[in-house]
Amino acid sequence: MQIKTLSISNREGFSLAARLDLPGGTKPDAMVLYAHCFTCSKNLKAAAYLSRGLVARGLAVCRFDFTGLGESAGTFADTTFSSNVDDLEDVAAWLEKAFDAPQLLIGHSLGGAAVIQAAGRLPAVTAVVTIGAPSDPRHVLGHLSPVRHQIEARGEAPIQVDGRTFIFKSSFIEDLEQTDQAGAIRDLHRPLLVLHAPGDEIVSIDHAGQIFQAARHPKSFISLDGADHLLSDPEQARYAGELIAAWASKYLGRAPIR
């Protein structure tokens with residue numbers, strides 16, 4: 001596997017840190033763009049192992065840090081779900097100019113909700129995959145319930161997520177409240193694969209059912225039996241990558257959607 005370290009400027013002028021994993025010694029069959037989970041980064045171990053599974057099947061995988069997270073510039077407190085979707089669009093546009101336009105979008109957890117929103121802006125995308133994704137991005141507001149009244153009263157408040165402190169502003173909540181995720185799922189117009197662990201302790205498998213019911217055909221569902229929300233088991237993450245590659249092979253190489 002070949003690895004390229006990238007720095008991609010988004011529409012706000014912030015440098016987004018990215019990594020491009022390429023199959024060694026051969027031209028990739030297609031480009032994959034991966035969106036990480038809520039407050040995570042491109043360096044999550046699950047993302048690395050999943051990428052290996054995809055690269056082993058001849059795909060190139062780009063994973064990046066959203067604005068204000070990981071090694072990317074910007075301030076997390078100034079971001080929203082919509083700005084994450086904008087970042088996806090900006091990275092896809094950069095890849096199209098520098099390498100190849102992404103044909104497959106993969107999103108983990110809140111990243112799954114984001115790729116569903118972004119797909120409609122990216123004509124070259126011919127398939128979409130969600131992993132442990134909420135059916136509505138407002139699901140993450142549950143993390144903010146202890147301080148939501150402070151955010152609404154003062155405009156912002158700190159809260160710990162997975163042991164790290166983040167500042168959330170009222171703009172983050174307002175943006176989520178205005179997001180029409182059901183409409184985006186209904187109007188996706190791309191083949192969709194929903195991956196979810198039955199024992200997911202963060203986003204229940206009921207969300208997978210809601211996504212699947214709202215989506216139009218062609219759509220597929222695969223249960224990641226024995227996995228947790230973060231796919232922390234390397235074998236589970238690699239397995240998910242191989243499943244995705246096998247499923248997507250039917251749809252990659254198609255003409256862009258116009």
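Colleague: How much space lies in the largest pocket?

Modeller: About 270 Å³. Keep in mind that the model is predicted.

Colleague: Which residues line the largest pocket, and what lies nearest its centre?

Modeller: There are 18 residues in the lining, and His-143, Asp-162, Ile-202, His-229 and Leu-230 lie nearest the centre of the largest pocket. By class, that lining has ten nonpolar, five polar and three charged residues.

Colleague: And what about the second largest pocket, how much space is there?

Modeller: About 190 Å³. Its lining has 13 residues, with Glu-12, Phe-14, Thr-67, Asp-78 and Ser-83 closest to the centre. Here the classes come out as one nonpolar, six polar and six charged.

Colleague: What makes something a cavity and not a pocket?

Modeller: In a cavity a 1.4 Å probe fits but cannot get out, while a pocket is open.

Colleague: Which residues lie nearest the centre of the largest cavity?

Modeller: Phe-38, Thr-39, Phe-66, Asn-84 and Leu-110, out of 15 lining residues. Both α2 and α3 give two or more residues to that lining, and the largest share, three residues, comes from α3. The lining divides into nine nonpolar, six polar and no charged residues.

Colleague: How do α2 and α3 cross?

Modeller: The axes of α2 (residues 81-98) and α3 (residues 110-119) come within 9 Å and cross at roughly 65°. The crossing is right-handed. On the α2 side, Phe-81, Val-85 and Leu-88 make the contact, and on the α3 side the residues include Leu-110, Ala-113 and Ala-114. By class, this contact has eight nonpolar, one polar and no charged residues.

Colleague: Why is helix α1 called largely enclosed?

Modeller: Buried means under 20% relative accessible area. Eight of the eleven residues of α1 (residues 45-55) are buried, so α1 is largely enclosed by the rest of the structure. Among the buried ones are Ala-46, Leu-50, Gly-53 and Val-55. What covers the buried residues of α1 includes the strands β2, β3, β4, β5 and β6, along with helix α9.

Colleague: Why is His-189 called exposed?

Modeller: The cut-off for exposed is over 50%, and His-189 has a relative accessible area of 55%, so His-189 counts as exposed. You'll find His-189 in the loop between α7 and β9.

Colleague: Where is Leu-231, and is Leu-231 buried or exposed?

Modeller: Leu-231 sits in the loop between β10 and α9. Its relative accessible area is 3%, which falls under the 20% cut-off, so Leu-231 is buried. Leu-231 also has a positive phi, of about 50°, although it is not a glycine.

Colleague: What kind of peptide bond joins His-217 and Pro-218?

Modeller: A cis one, with omega about 5°. Most peptide bonds are trans. Pro-218 lies in the loop between α8 and β10.

Colleague: How far apart are the C-alpha atoms of His-217 and His-189?

Modeller: They are separated by 8.5 Å, with the two residues 28 apart along the chain.

Technical notes:
Residues numbered from 1 in each chain as written. Predicted model: local features only at pLDDT ≥ 70, side-chain atom pairs only at ≥ 80, totals over all residues. Heavy atoms only, no water. 1 Å grid on protein atoms, 1.4 Å probe; cavity = no way out; pocket = protein on both sides within 12 Å on 5 of 7 lines; lining within 4 Å. Points joined across faces, edges and corners; volume = space filled by probe spheres on them. Nonpolar A, V, L, I, M, F, W, Y, C, P; charged D, E, K, R; others polar. Axes fitted to C-alpha atoms, helices over the stretch in contact; angles between N-to-C directions. Helix = DSSP H or I, 4+ residues; strand = E, 2+ residues; numbered from the N terminus. Left-handed = near helix turned anticlockwise from the far one by under 90°. Contact = heavy atoms within 4.5 Å. Buried < 20%, exposed > 50% of the residue type's maximum accessible area, 1.4 Å probe, protein only.
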